[in-house]
Amino acid sequence: MIIECSKDKLRTALVQTEKVANKNLSLPILEAVLIETKEKSILVKATNLDIGVEVEIPAKIERKGSVAISASLLNSYINATQDDGSPVKLSVNAGNVSITDKKSSAIIKGFPVDDFPIIPRVEKEQSFMITGRAFSAGIKSVSFSASISDMKPEISSVYITNDNNGLVFASTDSFRLAEKKIDVPNINDDISIIVPFKNANEITRIFGDSDDILEVGFNKNQLYLSSDNTYFTSRLVPGVFPDYKENECHHFKERFSRCLKSLKCFFG
């Protein structure tokens, strides 16, 4: 494989994918990004088996192929080089990746490409459209209330549903509750998905500053977000989110009843 691309665009792709790639003692390949060539672009992929992300950037393809390379090492090298507008060239020889630009070069040992897990394409059962910024804003508004413990996955998450006016985001740790409503037109089907807390935060990191329109599709097990150049997948939490609206009503009635009793005692 031999490719040439913009250093700035490669840096942006690595920022989006590097944090998904984690060190894993049992599966070292998970600390790598996979770079694959297309006709006039490359795909930069990363996964931790819980979520996956693919970013497409334009590139000049001299020789097709693919390579798996340490995400942190590649990102560190790109960030350490001078951003003078010159392109960066990647070539693969005998499992080693040669990286060169106008003023510097490096060689990084690659991983076996065949060991890299497949990032699945989610078969959607339902979908809707929304900007990345709006979807991320809904998550950010409520995620602080999610439980940090994994003992109850249903509340260590962000719940997304809909009402007549758009999307409703909610989270709770049983002691506090946050809800955010966002106007989103043309949502006709009932929505009920539970996104793991950590995965929801990755969505805000990747799409939080994007005004691109996302297609959000899902089935009972998986969610995906797709824009013109980015594809993100996440598992969903099985189960049922607490019926917090019914609970709110119950708690209000209890507080009201206690207030009435206090008033009766006070006035005799």
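The side chains of K45 and E36 meet in a salt bridge, with 3.0 Å from N to O. A salt bridge here is a side-chain nitrogen of Lys or Arg within 4 Å of a carboxyl oxygen of Asp or Glu. This is a predicted model, in which local features need pLDDT of at least 70, side-chain atom pairs count only at pLDDT 80 or more, and totals for chains, interfaces and linings use all residues. Residues are numbered from 1 along each chain as its sequence is written, and side-chain values use heavy atoms, with hydrogens and water left out.

## Salt bridges

K45 is buried at 13% relative accessibility, whereas E36 is partly exposed at 24% relative accessible area. Buried means under 20% relative accessible area, exposed means over 50%, and partly exposed is in between (1.4 Å probe, protein chains only).

The count of salt bridges comes to 14. Three of them are listed below.

| Salt bridge | N to O distance | Accessibility of the Lys or Arg | Accessibility of the Asp or Glu |
|---|---|---|---|
| K45 and E36 | 3.0 Å | K45, 13% | E36, 24% |
| R11 and D8 | 3.8 Å | R11, 14% | D8, 42% |
| R205 and E202 | 2.8 Å | R205, 28% | E202, 15% |

R11 and D8 are three residues apart in helix 1, so about one helical turn separates them. R11 counts as buried, and D8 as partly exposed. R205 and E202 are likewise three residues apart, in helix 4, and about one helical turn separates them. In this pair R205 is partly exposed and E202 is buried. Salt bridges with shared partners also join E36, K45, E54 and R121 into one network. Helices (H or I, at least four residues) and strands (E, at least two) are DSSP runs, numbered from the N terminus.

## Aromatic pairs

Rings of Phe, Tyr and Trp (its six-membered ring) pair if their centres lie within 6.5 Å; planes under 30 degrees apart count as stacked, over 60 as edge-to-face and the rest as tilted. The count of such pairs comes to five. One of them, Y159 with F241, is stacked, at 4.7 Å centre to centre and 5° between the planes. Y159 lies in strand 11 (residues 157–163) and F241 in the loop between strand 17 (230–235) and helix 5 (244–267), so this pair ties together parts that are 82 residues apart in sequence. Y159 is buried, at 14% relative accessibility, and F241 is buried at 7%.

The ring centres of F207 and F232 are 6.4 Å apart and the planes stand at 85°, so this pair is edge-to-face. F207 belongs to helix 4 (residues 197–207) and F232 to strand 17, so the pair ties together parts that are 25 residues apart in sequence. Both F207 and F232 are buried. Elsewhere, F128, F135 and F169 form one aromatic cluster.

## Nonpolar cores

A nonpolar core is a set of buried Ala, Val, Leu, Ile, Met, Phe, Trp, Tyr and Cys residues joined through side-chain atoms within 4.5 Å. The largest has 57 residues, and F135 and L167 have the most contacts inside it. Contact means heavy atoms within 4.5 Å. Leaving aside neighbours within four places in sequence, L167 is in contact with residues including F128, I130, F135, I160 and I191. Another core, of seven residues, lies apart from the largest one; V168, A170, F241 and Y244 are among its members.

Which residues of helix 2 (residues 71–80) are buried? They are A71, L74, N75, Y77 and I78. These residues cover an arc of only 160° around the axis, which puts them on the same side of helix 2. The arc is that of the directions from the helix axis to the C-beta atoms. The elements that cover them include helix 1 (7–18), strand 2 (32–37) and strand 6 (66–70).

G208 sits in the loop between helix 4 and strand 15 (213–218). G208 is buried, with a relative accessible area of 6%. Not counting residues up to four places away in sequence, G208 touches R133, S136, K140 and I203.
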